There are 2 protein chains.
Amino acid sequence: MQKAKNMAIAPEILPDPVLCTVDVVLLTLHLGELHFAVVARDADPFRGVQALPGGFVHPQEDADARECALRVLREKAGVSGPYLEQLSVFSGRARDPRGWSVSIAWVTLVPESSLEEAVGKGLGLRKVHDLGGLPFDHADIVRAASDRVRSKSSYSSLPVHLCQPPFTLPELQSVYESLLGEPVNKVSFRRKMAELDFLEPVEGEMQRSGAHRPAQLWRLKTRFRQALSMTDRGINSGT
Amino acid sequence: MQKAKNMAIAPEILPDPVLCTVDVVLLTLHLGELHFAVVARDADPFRGVQALPGGFVHPQEDADARECALRVLREKAGVSGPYLEQLSVFSGRARDPRGWSVSIAWVTLVPESSLEEAVGKGLGLRKVHDLGGLPFDHADIVRAASDRVRSKSSYSSLPVHLCQPPFTLPELQSVYESLLGEPVNKVSFRRKMAELDFLEPVEGEMQRSGAHRPAQLWRLKTRFRQALSMTDRGINSGT
DNA sequence: CCATGTTCTTTGCTTTTTGCATCTATGTCA
DNA sequence: TGACATAGATGCAAAAAGCAAAGAACATGG
């Protein structure tokens with residue numbers, strides 16, 4: 001039993017309780033636009049309202065907050081083993097009517113195809129600029145996640161997690177362009193991918209796209225599934 | 001009274017308690033090396049051991065976690081109004097013998113001169129690579145803070161907070177070089193500062209350095225006291 | 001079975017940015 | 001007043017990024 005090992009806290013210094021929760025901004029690209037996942041809340045406050053997938057930390061189940069976020073993702077979105085990074089903590093007495101609370105917010109990026117099943121079961125997708133009606137400070141959280149992802153997109157491998165492997169370089173480029181909001185020079189893009197060195201070719205080429213030269217297929221090198229590859233010079237606009 | 005307004009939580013879904021604390025990595029430059037501040041813990045566990053300044057969140061006093069971090073800085077290090085940014089959350093059941101805990105970790109950068117009084121009153125300074133004997137996971141926290149600051153140094157105004165204004169460009173350059181761990185080309189550095197555009201000249205020049213041309217004095221523009229100025233291309237090595 | 005269209009990929013420049021050496025400016029001090 | 005030291009500017013060389021256009025590889029239709 002865990003409690004038996006715990007050290008007692010003198011009652012006079014025992015702090016007032018703080019609600020400790022986790023919220024996940026699950027991002028994906030749908031029709032070339034960044035979307036985040038919402039689920040209907042199953043309890044008050046805001047029962048039935050669409051909100052970020054989240055919940056209380058369960059000290060018995062969760063070894064740490066990352067495990068908690070992964071559990072939430074698994075239970076509410078059917079997602080396992082995604083790229084997951086800590087965003088920020090949102091805290092204070094004003095954000096939750098139940099009292100002083102802490103939300104440990106996480107961002108995760110997945111290809112749209114990995115959400116198909118969950119979307120059939122009630123998971124919702126909303127554009128990251130469509131923030132109306134969100135409870136608590138979830139609008140702030142989504143904004144922060146979107147800003148973080150967009151700013152990291154210009155100098156890292158982050159956007160690759162929105163692509164279902166194997167994928168082609170033109171496909172990946174269009175993902176980068178969606179996040180950056182502007183076209184990218186093709187040659188510069190390929191030079192940058194070579195420099196970042198997080199892709200490896202997959203044998204066999206794709207041809208389904210029709211009457212033209214087939215493209216090489218690529219996938220993420222395994223050592224970059226959690227760690228990002230970064231460069232000190234970003235990608236700029238193009239043609 | 002705050003409690004009166006709070007919404008009740010049904011007992012069956014009330015989560016187990018989580019200890020909610022704040023820890024601050026207070027960084028400064030001493031003799032050209034990055035140091036962090038430690039204070040002797042005033043309670044068990046680890047009473048008397050040198051640790052990061054920190055403490056429990058006080059829901060009555062602190063409006064949010066940032067306010068809590070500022071309070072800790074004020075009470076334990078005599079620092080007010082510094083540049084302060086959230087680092088990360090360190091959490092889990094293993095990091096604190098009292099139970100499942102969350103530490104919201106913050107980084108702050110101050111000029112050495114602003115710590116003189118607190119150092120006289122028992123605040124300690126240790127090199128960021130000297131992590132022996134720290135309690136909890138404070139070594140991990142300091143490492144994360146040091147990594148964050150070093151990596152942001154190459155493309156942002158962050159290091160300026162280690163300089164007591166007014167300062168000269170050569171002084172600021174040597175601060176950047178200390179953080180980057182390598183010399184920086186003088187012309188590139190000045191071009192980058194001009195591009196980042198976070199400095200404004202102070203009338204009057206310094207001459208105390210002796211038998212040579214005096215240098216222009218500068219200070220941080222007020223709008224960059226909390227927000228950083230960033231560029232998409234970093235500073236590289238130089239002569 | 002070859003010409004045509006389409007997109008992927010590479011190549012050869014032009015333009016921009018960065019790095020380096022040097023030159024000038026402006027003070028102190030003997 | 002001239003030697004010295006560091007601040008700051010300037011001009012050129014090297015490197016990187018951007019752009020246009022050529023070449024490659026396929027499907028399709030005459």
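In this predicted model, a polar backbone atom of A:Arg213 lies 3.0 Å from a base nitrogen of DNA strand D.

Among the atoms of DNA strand D that come within 4 Å of the protein, sugar and phosphate make up 63%. Sorted by class, the residues of this surface are eight nonpolar, 10 polar and eight charged.

DNA strand C is surrounded by 25 residues, with A:Lys186, A:Ala211, A:His212, A:Gln216 and B:Ala211 as the closest. Sugar and phosphate supply 58% of the atoms of DNA strand C that lie within 4 Å of the protein. The surface near DNA strand C is built from eight nonpolar, nine polar and eight charged residues. At least two residues each are supplied to this surface by helix H6 (186–196) and strand S10 (215–220) of chain A and by helix H5 (186–196) of chain B, and the largest share, four residues, belongs to H5(B).

| Protein residue and atom | Atom of DNA strand C | Distance |
|---|---|---|
| A:Arg190, side-chain N or O | phosphate oxygen | 3.1 Å |
| A:Gln216, backbone N or O | phosphate oxygen | 2.5 Å |
| B:Ala211, polar backbone atom | base nitrogen | 2.6 Å |

The two protein chains also meet each other, and 39 residues from chain A and 39 residues from chain B take part in that contact. Between them the chains bury about 3500 Å², of which 58% falls on carbon and sulfur atoms. On the side of chain A that touches chain B, helix H1 (2–5) and strands S1 (19–30), S5 (83–92) and S6 (101–109) of chain A are the elements that give two or more residues. S5(A) provides the largest share of that side, five residues, and the residues of the side as a whole divide into 19 nonpolar, 10 polar and 10 charged.

One further residue of chain A can be described individually, namely A:Ala139, which is found in helix H4 (residues 138–153) of chain A. Because its relative accessible area is 17%, A:Ala139 counts as buried, the cut-off for that class being under 20%. Leaving aside residues up to four places away in sequence, A:Ala139 touches A:Leu131 and A:Leu134. A:Val128 stands 11 residues from A:Ala139 in sequence, and the C-alpha atoms of the two are 9.1 Å apart in space.

Note on methods. Residues numbered from 1 in each chain as written. Chains lettered and ligands numbered in written order. Predicted model: local features only at pLDDT ≥ 70, side-chain atom pairs only at ≥ 80, totals over all residues. Heavy atoms only, no water. Near = heavy atom within 4 Å. Polar contact = N/O pair within 3.5 Å; in protein donor to acceptor, adjacent residues only side chain to side chain. Nonpolar A, V, L, I, M, F, W, Y, C, P; charged D, E, K, R; others polar. Contact = heavy atoms within 4.5 Å. Buried area = accessible area lost by both parts, 1.4 Å probe. Buried < 20%, exposed > 50% of the residue type's maximum accessible area, 1.4 Å probe, protein only.
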